[in-house]
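Dear colleague,

Please find the structure below, together with its sequence. My notes on what was found in it follow directly after.

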Amino acid sequence: MKFWGSVFLVLLILFGVAAVGGVNSLVRQDEDVNAAWAQVQNQYQRRMDLIPNLVSTVKGYASHEKETLQAVIEARANATKVSLNIEDARQFQEYMNAQNGLSSALARLMAVSENYPDLKANENFLSLQDQLEGTENRIAVARKDYIAVVKTFNQRVRTFPGVIWAMISGLRAKPVFDAAAGAQTAPVVAF
């Protein structure tokens with residue numbers, strides 16, 4: 001009896017060590033996902049900070065393009081008012097829809113700017129356009145990095161033995177980015 005009690009105790013200790021290690025590892029990966037998401041939001045915030053300057057610069061040259069400028073302002077407002085918990089797939093999708101709407105409005109604004117040679121030559125506009133382009137690239141990189149850490153995390157949460165550690169710690173799979181509706185269709189540029 002004493003032998004089986006010792007075996008049971010050893011097995012219990014081994015399971016406890018494995019559980020602690022598994023849960024801690026999963027928590028570290030969850031924090032990696034949160035950090036990657038924070039970087040995505042950081043780049044979105046950078047874009048939000050650039051937009052008022054860009055709109056003001058374009059407004060000075062293209063005052064009669066009021067609809068396009070208003071669309072950018074409204075899209076920015078919509079993108080900032082969506083609250084987000086990345087654990088909630090519905091909120092995540094609403095947030096991404098708002099960000100995609102902002103990207104679309106900015107693309108229309110850049111197309112409008114093509115009609116104004118003086119604006120295209122304006123140093124402030126060129127600088128803002130370069131910063132916005134760089135920010136869009138940073139957003140793409142941050143999203144790519146987020147997708148990579150979410151993939152690793154989700155694989156761990158959904159496979160054995162990670163599924164056990166996920167149940168113990170209460171962690172669930174995270175949402176990933178989907179392409180915006182119509183993203184597979186090339187934009188039409190007409191002058």
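In which helix does asparagine 154 lie? Asparagine 154 lies in helix H5. Helices here are DSSP runs of H or I with at least four residues, strands are runs of E with at least two, and both are numbered from the N terminus.

Before going further, please note that this is a predicted model, in which local features need pLDDT of at least 70 and side-chain atom pairs count only at pLDDT 80 or more, while totals for chains, interfaces and linings use all residues. Residues are numbered from 1 along each chain as its sequence is written, and side-chain values use heavy atoms, with hydrogens and water left out.

**Overall picture**

The protein has six helices and zero strands, so that its elements run α-α-α-α-α-α from the N terminus on. Of its 191 residues, 34% count as buried; buried means under 20% relative accessible area, exposed means over 50%, and partly exposed lies in between, with a 1.4 Å probe and protein chains only. A contact means heavy atoms within 4.5 Å. Among the contacts with a separation of 6 or more, 76% are between residues 24 or more positions apart.

Helix H5 has 36 residues and spans 52 Å from its first C-alpha to its last, close to the 52 Å expected at 1.5 Å a residue. The expected span is 1.5 Å times one less than the number of residues. Buried residues of H5 include Phe125, Leu132, Arg143, Tyr146 and Asn154. Asparagine 154 has a relative accessible area of 12%. Leaving aside neighbours within four places in sequence, asparagine 154 is in contact with Ala173, Lys174 and Val176.

H5 and H6 pack at an angle of about 90°, with their axes 5 Å apart. H5 is therefore roughly perpendicular to H6. Axes are lines fitted to C-alpha atoms, for helices over the stretch in contact, and angles run from 0 to 180 degrees between N-to-C directions. Angles under 35 degrees count as roughly parallel, over 145 as roughly antiparallel, 65 to 115 as roughly perpendicular and the rest as oblique. On the H5 side, Arg156, Val157 and Arg158 meet Gly162, Val163, Trp165 and Ala166 of H6. Proline 161 is found in the loop between these two helices, and a cis peptide bond with omega of about 5° joins phenylalanine 160 to proline 161.

**Nonpolar cores**

A nonpolar core is a set of buried Ala, Val, Leu, Ile, Met, Phe, Trp, Tyr and Cys residues joined through side-chain atoms within 4.5 Å. The largest one has 22 residues, of which Trp37, Tyr146 and Phe177 touch the most other members. Two or more residues of this core come from each of helix H1 (2-61), helix H3 (89-113), helix H5 (123-158) and helix H6 (162-169). H1 gives the largest share, eight residues. Apart from this core lies another, of 19 residues, among them Met48, Ala98, Met110 and Phe125.

Tryptophan 37 is buried, with a relative accessible area of 5%. Not counting residues up to four places away in sequence, tryptophan 37 touches Leu84, Ile86, Phe92, Tyr95, Met96, Tyr146 and Phe177.

**Aromatic pairs**

Rings of Phe, Tyr and Trp (its six-membered ring) pair if their centres lie within 6.5 Å; planes under 30 degrees apart count as stacked, over 60 as edge-to-face and the rest as tilted. The count by this rule is five aromatic pairs. Tryptophan 37 and phenylalanine 92 form a tilted pair, 5.4 Å centre to centre with 45° between the planes. Because tryptophan 37 lies in helix H1 and phenylalanine 92 in helix H3, the pair ties together parts that are 55 residues apart in sequence. Phenylalanine 92 is buried, at 2% relative accessibility.

The ring centres of tyrosine 44 and tyrosine 95 are 5.8 Å apart and their planes are at 65°, so this pair is edge-to-face. Tyrosine 44 lies in helix H1 and tyrosine 95 in helix H3, so this pair ties together parts that are 51 residues apart in sequence. Tyrosine 44 is buried at 2% relative accessible area, and tyrosine 95 is buried at 8%. Ring pairs link Trp37, Tyr44, Phe92, Tyr95 and Tyr146 into a cluster.

Yours sincerely
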